[in-house]
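Colleague: I would like to go through this one with you, term by term. Could you show it to me?

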Amino acid sequence: MNEFMEQFLIESRELVEGATGDFLALEETPGDRERLDSVFRAVHTLKGAAGIMDFDAMGRALHAVEDVLSAVRAGASPVTSRLVDDGLHALDRVTAWLDVMEATGEPPPDAGAAADAIVARFAAPSAVEPPPRDPPPGEPSGAWLDGLLARHPAQAGAARLALRYAPDPGCFFGGDDPLSLVAGLPGILAVEVEPATPWPALDLLDPFACNLVIRVLLQAGEEEIAGLLEPARGQVEIRALRRPGSGPALPAPLRELLEAQILLLAEPTAEGAAGRIASAGRVAANVLRHAGCASEADALDRATTESLTTGNPARLTAAIAHARDGMPPPGADRSAEAPAAPVPDPEPWPGARMPQEIGARALRVDAERIDALVTLAGELTVAKNALAHAVGLAREGTDPAALAVLLRDQHAGLDRLVGELQRAVLNIRVLPLGHVFNRFPRLVREISAGLGKSVRLVVEGEATEADKAVVEALFEPLLHGVRNALDHGIEPASERRALGKAAVATIRLRAAREGEGVLVEVEDDGRGIDAAAIRAVAAGRGLLPPHVLAALTDEQAIDLAFAPGFSTAAAVTDLSGRGVGMDAVRRAVERMGGRVGIESRPGRGATLRMTLPFTLMLTRVMTVEAGGQVFGIPLDTVVETLRLPRDRIVPVGAGRAFVLRDRTVPLVSLAEALGGAADEADRPETSVVIVNLCGQPGGLAVERLGLQMEVMLKPVDGLLADVPAIAGTTLLGDGRVLIVLDVQELLE
Amino acid sequence: MTVRLVDGETLRLEGDCPIEDAETLLAHMLASPGVTVDWRACEWAHTAVIQVLLASGAPLRGPPAGAFLRERIEPLLVRITDGIMAFPKGGRMP
């Protein structure tokens, strides 16, 4: 892959990421001008980059997105959640293309069809206007509107929107309160509530089945209610109203532009007809949007799509002519404002990807940090030259004592420089936690939609930095934490309302520097964790004997949630609840040398708190000898070391154990655990390292205890990557390789 | 309780009436037909509660305390119960 392509991929991924964040933010606050501009710029830049790479399909797709965003910027259409959905899907598609390009070095050959789908999706008016997806049954489409306007002549003049909301009969069970939704709409002029089917006798009335149709006249425009009706999606029919005869006549220059489009369409050549239809349709629609006739523009878009599908420009020509003459587009009377036939997708939209591996493929490094490295490299050269001088002196037979002083000074200087170099290099690998947090708004949006819960995600401290390895390894535990909060912690909206809590739950992702480490929290305002339920499940699963369970404090009981194979969910959902989530969190965090705990506030929520080291690179290890070889054991798992007389070791079943301060501690021979032979039989004493295994002490019998040292741990890769129980390797001072063990894995 | 029978012939709705009140309200109405509903202290009632009021046609004593109920919902109930075309009352914002 050439450098040019590499740069394109890096930048495009960053732009996609940025645009995704913008779309999500826009869904939250549709009026956020800054985000709108930002997403428009990102899409525009992506389109330009695709053009430079001669990736025509991507350029076309993004052009369609850009057009719609441009209309939104011009105020011609609102930000709808449909627009956000389509935008995110389009970005997913772009990401899939980038993946192919990264793998093959070529734009994917089959991108054209997918690009056409995106273009069609965005050209269809539904991209900018929430369509009545399933026109509520019962009344012929459009008839209700006339009746509503006729019944409220005084309000009809000021009304800009009319709604017909037919809630699902079962909507109360989903926690919906349709009138509450209506009451939240701005600029209400008139409300009508009527039974959808005639009322039964009172004793046959089901109070929990919604049998209502609500009709509303609003003074507000579509952009003002964007998003407010989201919970009632598919149950609401929205009609934009414009008073007859009050439509502004098009200014002359705009009429001329429309005329030009008709002429363009009239050109007889068959060649490039599709391009001409698309272009003329787009220009004409933009003209109308510019003139503030959004619904006419949408009708024109539909005519464009139709003409494109049939390959016959007649339909579009007629529509433009009508618009020019200030008449409603042909067939675009009220009844035709029903949704256009859905544009068929040549292939399904790619779902949001649940990335398992999120390694940043390239690092963007602050120039200052590189400058610091260059300076250090210079100083190291000076130190090297000074060493050459010392070598010269030694060769000349200088007094060893004087030489020793000189060497000691130089060693001290080198020590300082190497320390600085290490810090500088580690700093390069530092990433803000936003890198991993950024993935969650999208995930929370989709997971919560799947669970039917409304959740707001708040991210705090995303600028907090940590080593790249820590930041990247955080995704999985955070995902488990967030899923657990969504799945188990947060109550359904109806339950929340009954408890007097805000219907929309809040999940907070929070990061902060804490001393040498980084504190990362997932906090929810759900029901908290029921210590009694955890005890009951633990007892049921036989995790601990009843008397031990009874003696646990609530905090200790809640900690059992981290035990392998534990879950309090009665039903297994496709998210969490397989009983592996919290176990996986503890494993992942402890592998990084961190700690994890849960704080529960019954009825008010829970906080998953992870404390992680700032960097994974420097590890304090202790060396031990076993089977004639030296191994390192990470010091954070070591509790203590001791010499154990042989007669204190007692066989327990197939294993061995000893008593330490009135506690029975299992004893494992490290040499045996590593597949060698136990060979300490002839000695009166055994050296034992007591390690902490998930809070329980365990003894490792070794031949000899060694030193403690701070090492730069190199992860094992290549052929050794799959060998279990190896945390990494490092070089010893004498050139030997020190294998550092993952004790947890070793003893499982 | 946000719904209770006060004197055998008046049901009182108070504060925010949650969805559960719909069932209670309906049960009271079935037990003592012709009961009057006093909702002057009612700030908000779940759609299900309003639905019971609509379906029953029970006489109401109002106006309710909540603005939306007073301005937008009460006229609908009055229209139905008294046959008066009292709705709408004008374009005031709720």
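Colleague: What makes the four strands of chain A an open sheet?

Modeller: Strands pair if DSSP finds at least two bridges between them, and here the order is 2-3-1-4, with antiparallel pairing. Strand 2 (188–195) and strand 4 (236–240) of chain A each have a single partner strand, so one side of each is left without a neighbour in the sheet. This is a predicted model, where local features need pLDDT of at least 70, side-chain atom pairs count only at pLDDT 80 or more, and totals for chains, interfaces and linings use all residues. Residues are numbered from 1 along each chain as its sequence is written, chains are lettered from A in the order in which they are written, and side-chain values use heavy atoms, without hydrogens and water.

Colleague: How do you know that strand 1 of chain A is joined to strand 3 of chain A?

Modeller: Five bridges join strand 1 (residues 161–165) to strand 3 (residues 212–218) of chain A, and pairing asks for at least two.

Colleague: Now the two chains: what is the area buried between chain B and chain A?

Modeller: Buried area is the accessible area (1.4 Å probe) that two parts lose on being put together, summed over both. Here that loss is about 2500 Å², and carbon and sulfur atoms give 72% of it.

Colleague: And how many salt bridges are there between chain B and chain A?

Modeller: A salt bridge needs a side-chain nitrogen of Lys or Arg within 4 Å of a carboxyl oxygen of Asp or Glu, and the count between chain B and chain A is zero.

Technical notes:
Helices (H or I, at least four residues) and strands (E, at least two) are DSSP runs, numbered from the N terminus.
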